[in-house]
Amino acid sequence: MSTFNIERFGQALKCHFMVGRKTWIRLFSIYTLVMFMANLFFTRVADHGYSHWADNYPDELFFHYSGIVEQTSVFGIIFFCFAMLFTAGGMFSQMKDTRKRSAYLLWPVSHLEKYVVSVLISVVMMLFLTIGAYILADVLRVLVDWLTGRIVVWGFTMPIMGRDGEHPWGAFQDWHLVWMLFNWAFYIHSLYIVGGTLFRRQQFLFTSGTIVVVGILLTMILNQIDWSGVDIEFINGYWDEKTQTYTTVFHPLFYIINSAMMLLIAFHYWLSYKLFCRMQVINNKWLNV
């Protein structure tokens, strides 16, 4: 069997999607319900000042209510991050019992095709599913606001456009900071990819616990080192009087560390694939090795 065949891969992806469509629909419904109830909590329970502002400060009502809706968008971003980590950790959750594990491992496709299918379903599909649930929850919240006579303020556009159209990510307009942000996001996500492949049960909890324990141990070790002689500013800058502009200067270690993180991310995905290739039907109770 060839390592990767695009037609066979397409059929496997379609089959995997059709088999799990009830699970995707159920997750989409749960995500939508959770975010919709959170939206109602922030706008209806936590905030008691809508009527006061509508009666006494109608000109400032939009600004006030936009601040309340902005809290729902912050919750949506946090929920999105946790959802992506949870699905990354559980991308092989369909292999928990022996029967399903045997059926998946005996699937007539290569290991690489099985792995890519699982990654696409748990990452790309869940990305669109979570974003879709976030938008639908915001639409339902706006519908409730409209039916009850409140002003219409959309929340799902705020993470991109901000309030009143201003850019909410002004601090990250420099490509260096965007690079660093995405590096950290994908690095943490890749750790959960490895944990989802290594641990056989409770992948999200065991991966989260491992990251916390390792983080504490590394902090304790680093605290034993004398850093008094080390004074490195990764991000610095200066003001140019001639051009009246502020120029940001990044230390060479900034590029080295971020490049190393990209290599680590690639290594984590490779390690996850190798661990998947070692999976057996009968295996250790907690680990897939």
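Tutor: Take helix 1, residues 6–19, and helix 6, residues 111–147: their axes come within 10 Å and cross at roughly 50°. That angle makes helix 1 oblique to helix 6. The model is a predicted one, and in it the crossing of helix 1 past helix 6 is right-handed.

The residues that make the contact can be listed from each side. Helix 1 supplies Arg8, Phe9, Ala12, Leu13, His16 and Phe17. Helix 6 supplies Glu113, Val116, Val117, Leu120, Ile121 and Met125. Sorted by class, the contact between the two helices has nine nonpolar residues, one polar residue and two charged residues.

Helix 6 also holds Ser122. Ser122 has a relative accessible area of 5%, and it counts as buried because that value is under the 20% cut-off. A polar atom of the Ser122 side chain lies 2.8 Å from the backbone oxygen of Ser118. Apart from neighbours within four places in sequence, Ser122 is in contact with Thr87, Ala88 and Met91.

Now the setting of this part. The protein chain has 10 helices and two strands, and along the sequence they follow the pattern α-α-α-α-α-α-α-α-α-β-β-α. The chain has 289 residues, of which 35% count as buried. Among its contacts between residues at least 6 apart in sequence, 72% join residues at least 24 apart.

Conventions. Residues numbered from 1 in each chain as written. Predicted model: local features only at pLDDT ≥ 70, side-chain atom pairs only at ≥ 80, totals over all residues. Heavy atoms only, no water. Axes fitted to C-alpha atoms, helices over the stretch in contact; angles between N-to-C directions. Helix = DSSP H or I, 4+ residues; strand = E, 2+ residues; numbered from the N terminus. Parallel < 35°, antiparallel > 145°, perpendicular 65-115°, else oblique. Left-handed = near helix turned anticlockwise from the far one by under 90°. Contact = heavy atoms within 4.5 Å. Nonpolar A, V, L, I, M, F, W, Y, C, P; charged D, E, K, R; others polar. Buried < 20%, exposed > 50% of the residue type's maximum accessible area, 1.4 Å probe, protein only. Polar contact = N/O pair within 3.5 Å; in protein donor to acceptor, adjacent residues only side chain to side chain.
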